[in-house]
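Me: Please take a close look at a single part of this model and describe its surroundings. Give the cut-offs as you go.

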Amino acid sequence: AAVMMPVVVLLIPAYPIAGQAEAFGRWQQRPRSCVVEQGASPKLRCNAVQLDQRSPEIVRLSVQAEGVVRNEWIQITLVGALAEGQKPMVCRNGACTLSQPLLLNLSTLSLARFNERGLAQTLPDARSVQGTCRIDPVALQCQVLGADQGGAGALPQWSIKAELR
């Protein structure tokens with residue numbers, strides 16, 4: 001007679017085990033105060049700051065600001081690499097903790113405009129830039145210089161300052 005042996009199936013999850021640190025996720029906050037300046041344009045007041053960490057080296061900073069036109073808002077997105085020696089944020093289950101300062105060397109800036117219903121009014125306008133952002137648990141400060149676009153297409157200097165706590 002044939003002997004039946006029990007079959008053991010071991011399931012190994014393809015996602016990180018709860019509590020295990022991950023290299024990606026999101027950190028967001030409503031700042032106490034936040035101002036975006038672009039060249040000689042009017043200052044914009046921003047009301048949301050978000051960091052997306054897609055890898056241990058690359059961070060995307062998104063700032064939502066009130067537009068100059070009534071009921072318009074602008075999303076300013078900066079992408080940069082962590083400066084040498086910087087440690088990424090600690091993330092679990094897609095949420096990150098900003099517990100130490102991050103210094104980013106910026107590479108791109110993009111802008112998109114939205115109406116009061118959240119519908120895009122423009123396609124994102126991405127440009128190569130140079131600059132840095134320092135983000136710590138209490139403050140954010142970015143200085144952005146446009147890359148040389150050959151004169152008329154040059155991007156004016158941008159500055160973003162926020163008090164986070």
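**Close look at one part**

Reply: Beyond its neighbours within four places in sequence, Asn115 is in contact with Asn71, Trp73 and Gln121, contact meaning heavy atoms within 4.5 Å. This is a predicted model, in which local features need pLDDT of at least 70 and side-chain atom pairs count only at pLDDT 80 or more, while totals for chains, interfaces and linings use all residues; pLDDT is the predictor's confidence in each residue, from 0 to 100. Residues are numbered from 1 along each chain as its sequence is written, and side-chain values use heavy atoms, with hydrogens and water left out.

Asn115 lies in the loop between strand E8 (102-114) and strand E9 (125-135); strands (E, at least two residues) are DSSP runs, numbered from the N terminus. Asn115 counts as buried because its relative accessible area is 15%, buried meaning under 20% (1.4 Å probe, protein chains only).

The side chain of Asn115 makes a polar contact of 3.4 Å with that of Gln121. Such a contact is a pair of N or O atoms within 3.5 Å; within protein, one must be able to donate a hydrogen and the other to accept it, and residues adjacent in sequence count only if both atoms are side-chain atoms. The Asn115 side chain also reaches the backbone nitrogen of Arg117, at 2.9 Å.

Of the contact partners, Asn71 belongs to the hairpin of E4 and E5, where 6 residues separate the strands, and has a positive phi near 65°. E4 and strand E5 (residues 73-82) run antiparallel, joined by 9 bridges; strands pair if DSSP finds at least two bridges between them. Gln64 is opposite Gln75 in E5.

Definitions and conventions
Helices (H or I, at least four residues) and strands (E, at least two) are DSSP runs, numbered from the N terminus. Buried means under 20% relative accessible area, exposed over 50%, partly exposed in between (1.4 Å probe, protein chains only).
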